[in-house]
Amino acid sequence: MGEVIVITSGKGGVGKTTTAANVGAGLAYLGKKVVLVDTDIGLRNLDMALGLENRIVFDIVDVTSGNCRLRQALIKDKRLDGLHLLPAAQTKDKTAVSPEQMKALCDDLRQEFEYIIIDCPAGIEQGFRNAIAGADKAIVITTPEVSAVRDADRIIGLLEASELREPALIVNRIRPKMVRQGDMMSIEDIIDILAVDLLGVIPEDEMIVITTNRGEPVVLDQSSRLGQSYRNIVKRILGEDVPMMSLDEEGFFGKIRKMFGMR
Amino acid sequence: MLEFFTRLFNRDGGSKNVAKERLRLVLVHDRASISPQLLETLKAEIIQVISNHMEIDESALEVNLDSSGNTMALVANIPVKGMKRAAEA
């Protein structure tokens with residue numbers, strides 16, 4: 001039986017879709033059978049993060065409304081054997097799927113996949129209700145900004161009210177230099193406020209723009225610190241005890257590599 | 001130059017402390033926002049318990065959750081019309 005994990009944040013633009021793509025790809029890279037489900041109906045994006053936008057035939061609404069079989073809507077990634085995508089519909093709205101349908105869909109997917117990763121839309125309305133309906137676990141993403149942390153707090157409250165207790169937190173886009181200068185909340189500050197367990201920390205890095213442009217999950221890039229931060233999260237999801245990465249400068253060799261323009 | 005000025009005004013140890021303090025305050029309010037429905041239920045139950053012992057003006061009863069600074073209080077204003085005679089004292 002597979003495990004259903006919803007990735008959510010409340011606030012938009014903090015990195016839900018990017019994280020979903022990378023967690024999914026990272027799990028598949030380690031040999032797991034994974035399906036990524038985009039529940040952001042009307043604002044489909046996970047397909048682009050994965051570079052699969054040209055291969056969509058059917059979508060999640062086609063499946064829940066019985067237009068096609070589940071198998072027909074699943075897109076198989078060509079780079080990673082175990083990775084699949086169930087895309088969102090682009091022309092419908094969030095009410096096209098009900099929480100009950102979502103629950104049934106998750107139960108079907110559970111039979112076939114080890115990990116079902118749900119990419120949740122921003123907001124706390126029906127899209128959110130749908131996304132969490134069939135989930136066993138929740139991952140909350142925030143950035144070190146007051147608005148994102150506030151929204152994360154609200155989401156954590158709503159998750160707990162829906163029996164999704166102990167969500168795990170990912171802090172995205174941390175800038176170590178600003179933290180050192182005292183101009184950005186640190187991981188400790190955020191954990192202190194939200195009182196949840198930390199699953200991972202992702203440093204701000206221009207590289208994410210490049211990999212997203214190309215539709216290649218950065219988790220597969222073995223040489224970058226950004227890829228490493230996602231790989232660590234994946235390993236922790238698999239139950240491995242990986243220490244948090246040091247957020248200090250990337251060290252002597254990193255600087256040399258940067259000097260020569262190598263990544 | 002800009003950096004100089006920001007440094008100058010950052011005697012409190014950087015803007016992150018401002019962020020933390022603002023968040024702490026706003027979250028007290030956010031977390032205290034219980035649903036009106038729950039407040040109504042609470043009201044009804046309070047009336048029930050209190051009217052066992054005294055006569056109260058139910059229409060003027062006020063129950064609110066007050067938060068100021070970082071403390072929170074349930075404030076109830078219950079006008080008493082009269083005391084019930086103690087049946088067993």
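These legends go with close-up views of a predicted model.

**View 1. The sheet of chain A.** Start with the open sheet in chain A, which has eight strands and mixed pairing. Reading across, the order is β3-β4-β2-β5-β1-β6-β7-β8. At the edges you'll find β3 (75-76) and β8 (197-203) of chain A, each with a single partner strand, so each has one side left without a neighbour in the sheet.

**View 2. Strands β1 and β5 of chain A, side by side.** Now zoom in on β1 (residues 3-8) and β5 (residues 115-119) of chain A, which run parallel. How many bridges join β1 to β5 in chain A? There are five bridges. To pick out one pairing, look for A:Ile7, whose bridge partner in β5(A) is A:Asp119.

**View 3. Helix α1 of chain A crossing α11.** Here α1 (residues 16-29) of chain A meets α11(A), with axes that come within 9 Å and cross at roughly 65 degrees. The crossing is right-handed. On the α1(A) side, look for A:Thr18, A:Thr19, A:Asn22, A:Val23, A:Gly26 and A:Leu27. They meet A:Tyr230, A:Ile233, A:Val234 and A:Ile237 of α11(A). Sorted by class, this contact of α1(A) with α11(A) has six nonpolar and four polar residues, with no charged ones.

**View 4. Helices α6 and α7 of chain A.** Helix α6 (residues 126-133) of chain A packs against α7(A) at an angle of about 50 degrees, and their axes are 12 Å apart. That angle makes α6(A) oblique to α7(A). Is their crossing left-handed or right-handed? For α6(A) and α7(A), it's right-handed. A:Phe128, A:Arg129 and A:Ile132 from α6(A) meet A:Ile155, A:Leu158 and A:Leu159 from α7(A). The residues of this contact of α6(A) with α7(A) are five nonpolar and one charged, with no polar ones.

View 5. The area buried between chain A and chain B is about 1,200 Å², and carbon and sulfur atoms give 54% of that. Which residues of chain A lose the most area to chain B? They are A:Val146, A:Arg150 and A:Ile193, together 40% of what the chain A side buries.

**View 6. A helix pair across the two chains.** Helix α7 (residues 146-161) of chain A packs with helix α2 (residues 15-32) of chain B at about 30 degrees, their axes 10 Å apart. So α7(A) and α2(B) are roughly parallel to each other, and their crossing is right-handed. From α7(A), the contact is made by A:Val146, A:Val149, A:Arg150 and A:Asp153. From α2(B), look for B:Ala19, B:Arg22, B:Leu23, B:Val26, B:Leu27, B:Asp30 and B:Arg31. The residues of this contact of α7(A) with α2(B) divide into six nonpolar and five charged, with no polar ones.

Methods
Residues are numbered from 1 along each chain as its sequence is written. Chains are lettered from A and ligands numbered from 1 in the order in which they are written. This is a predicted model: local features need pLDDT of at least 70, side-chain atom pairs count only at pLDDT 80 or more; totals for chains, interfaces and linings use all residues. Side-chain values use heavy atoms; hydrogens and water are left out. Axes are lines fitted to C-alpha atoms, for helices over the stretch in contact, and angles run from 0 to 180 degrees between N-to-C directions. Helices (H or I, at least four residues) and strands (E, at least two) are DSSP runs, numbered from the N terminus. Angles under 35 degrees count as roughly parallel, over 145 as roughly antiparallel, 65 to 115 as roughly perpendicular and the rest as oblique. A crossing is left-handed if the near helix is turned anticlockwise from the far one by less than a right angle, and right-handed if clockwise. Contact means heavy atoms within 4.5 Å. Ala, Val, Leu, Ile, Met, Phe, Trp, Tyr, Cys and Pro count as nonpolar, Asp, Glu, Lys and Arg as charged, and the others, Gly among them, as polar. Two strands pair if DSSP finds at least two bridges between them. Buried area is the accessible area (1.4 Å probe) that two parts lose on being put together, summed over both.
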